[in-house]
Amino acid sequence: MGASGPGAVSTPGPRLAEVPAAVSLLTDAAMGAEPGDALRACRVALGFAQELGLPEPQTVDVYYASLLRHIGCTATAGDEAARFGVAETELRPLLTVTDPARPTELLSCLRHAAASVPPGRRAALVLRLVTSGGWATAAQGATCEVAATLAGRLGLGPGVREALLQQYERWDGRGNPRGLTGEQIGLTARICSLAAQAVQLTAMLGPQAAVTLLRRRGAWLGPELVHRFGQSGEELLASASEGDPCGEALAAEPGLHRLIDPAALPDVAGALGDLADLKSAWLRGHSRGVAALVQHALPGDETVALAALLHDLGRIAVPARIWDRPGPLTELEREAVELHAYHGERVLRRCAAFAACAPLVGRHHERLDGSGYHRQLSAADLSPEARLLAAADSFCALTEARPHRPPCLPAEAAGLLHSEARAGRLDASAVDAVLAAAGQQRRRPPSWPAGLSEREVEVLRLLARGCSNRDIATRLVISVRTAEHHVEHVYAKTGARSRPAAALFAMEQGLLVGR
């Protein structure tokens, strides 16, 4: 899709590696990891792959697969928070490095997990954890599928995508989602898993203890691989801890730098926007809806169009339980929400591809009277493009359902935007432009994507919004069995194997815009 192949250079453009390297700072936060862990794991994985004498094309796969290891982290975040009753960032650091085949590790994990909640909730949490095997298999499968899909949309090849699909497999066949064993699991996937565990265990135990523990994980990662890592692991970890994590990881990219064709920037931005919106069923399709309004209101301005797709990228760093909370937020939760604009801006400043979008992304919740966030800027600091993005974001948010309220009708949302303009918070001209764009009739496409029928599109939209088969049946006044048949057809036609992947397809095709 415009990014050059491994070790090759395409049409001159910005570096591809800057995008996953920067976004990994958000996925680190979403995983409850230390900032820069994915970058350090990338350096460990790459150094180990080079020690093993892997050919350059495979080291390129190791490089990108390690940077993108957690790119599927938003796929099940909301489900995790709802199921376990705690933020996903509390449990993920424990679960990702615990070997459930070792009773002592499992018990230690359960003790630490229980300590993260009040005493009255500990027994319930432990019970949910020990009875969630089937759910975990499906969740890991969805995470892998979403990660591989997004890697493909970033222009990366089958070696990277397959490694992401295999990231939860185990040498002994007790992994997910396919139960692969031994050499069925690619070396790229195993190196990336080993490096990620090594970096995380080092943060918890120190490098010597981490390498010692990994030597006992032959059943997970392969006996020969952990033996080889035991010989040089401490040195690799020490080297990866030196210098600026992002700068050093970018400098380490093997081969010629892969570039993004400038014509493919909207595709890359769209993939990242979908990744952010996948965080919560309430948010899916939001970024593309904002982009559609902006493009109608200000056609031909690529920077603001890209910024609209990327404006909520920082949501990835905020726990899903905050986005899904049906009641009032606490002061700390409100602060976390208000920082999402900052997170998006700081990450995009690191990418030459999207650096021009960063100021707009950082300002999309600012208001003319200084009452917005996160910097409380006022009119003099807000460009016409920033004012337009703020108005488009407000209109789309109002016309979308949220956990604490139903969606507003377009006329009601228009009235609220006019009120904000009269109060001096939104720009009146920007509001008029957004409402004019919203009033343009959206034409039904001559045919639905992937050969979907009208009814299957309805089912897909509900599925993407988090509806169960029973919910879909109730909404569409059909039997549960009929709903199940429709869901099966949606999966078959779209190629999705999980609900998050189906939602990702729906967003990419624009099927949730205005819905």
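What follows is a working chat about a predicted model.

Reader: What is the ground rule for this model, and how are residues numbered?
Author: This is a predicted model, in which local features need pLDDT of at least 70 and side-chain atom pairs count only at pLDDT 80 or more, while totals for chains, interfaces and linings use all residues. Residues are numbered from 1 along each chain as its sequence is written, and side-chain values use heavy atoms, with hydrogens and water left out.

Reader: What pLDDT does the chain average?
Author: The average is 94, and 97% of the residues score at least 70. pLDDT is the predictor's confidence in each residue, from 0 to 100.

Reader: Where is the pLDDT below 50?
Author: Over residues 1-10. That stretch has 37 contacts in the model beyond near neighbours in sequence, a contact being heavy atoms within 4.5 Å. Where pLDDT is low, the predicted coordinates should not be read in detail.

Reader: Now α27. How many residues does it have?
Author: Helix α27 has 15 residues, 480-494. Helices are DSSP runs (H or I, at least four residues) and strands are too (E, at least two), numbered from the N terminus. From first C-alpha to last, α27 reaches 21 Å, close to the 21 Å expected at 1.5 Å a residue. The expected span is 1.5 Å times one less than the number of residues.

Reader: Which residues of α27 are buried?
Author: Ala483, His486, Val487, Val490 and Thr494. They are on the same side of α27, because they cover an arc of only 100 degrees around the axis. The arc is that of the directions from the helix axis to the C-beta atoms. Buried means under 20% relative accessible area, exposed over 50%, and partly exposed in between (1.4 Å probe, protein chains only).

Reader: Why do residues three or four places apart point the same way?
Author: An α-helix has 3.6 residues a turn, so residues at that spacing point the same way.

Reader: What covers the buried residues of α27?
Author: The cover includes α25 (454-464), α26 (469-476) and α28 (499-508). Just after α27, Gly495 takes a positive phi of about 80 degrees.

Reader: And α6, which of its residues are buried and which exposed?
Author: Glu105, Cys109, Leu110, Ala113 and Ala114 are the buried residues of α6. Their arc around the axis is only 165 degrees, which puts them on the same side of α6. The face turned away from that buried side carries the exposed residues Thr104, Leu107 and Arg111.

Reader: What do the buried ones pack against?
Author: They pack against α5 (88-95), α7 (119-130) and α11 (207-215). As for length, the 12 residues of α6 (103-114) should span 16 Å at 1.5 Å a residue, and the end C-alpha atoms are 16 Å apart, which agrees.

Reader: How far is the sulfur of Cys42 from the closest cysteine sulfur?
Author: The distance is 8.2 Å, to Cys192, too far for a bond. Cys42 is buried at 1% relative accessibility.

Reader: How many aromatic pairs does the structure hold?
Author: Three. Rings of Phe, Tyr and Trp (its six-membered ring) pair if their centres lie within 6.5 Å; planes under 30 degrees apart count as stacked, over 60 as edge-to-face and the rest as tilted. One of the pairs is Phe48 with Phe229, whose ring centres are 5.3 Å apart and planes at 80 degrees, so the pair is edge-to-face. Phe48 is in helix α2 (37-51) and Phe229 in helix α13 (223-240), 181 residues apart, so this pair links distant parts of the chain. Both are buried.

Reader: How do the rings of Tyr63 and Tyr64 sit?
Author: Their centres are 5.2 Å apart and their planes at 85 degrees, so this pair is edge-to-face. Tyr63 is buried at 0% relative accessibility.

Reader: Last one. Where is Phe354, and what does Phe354 touch?
Author: Phe354 is in the loop between α20 (340-348) and α21 (358-362). Not counting residues up to four places away in sequence, Phe354 touches residues including Val19, Leu265, Leu310 and Leu348. At 0% relative accessibility, Phe354 counts as buried.

Methods: Disulfide = S-S within 2.5 Å.
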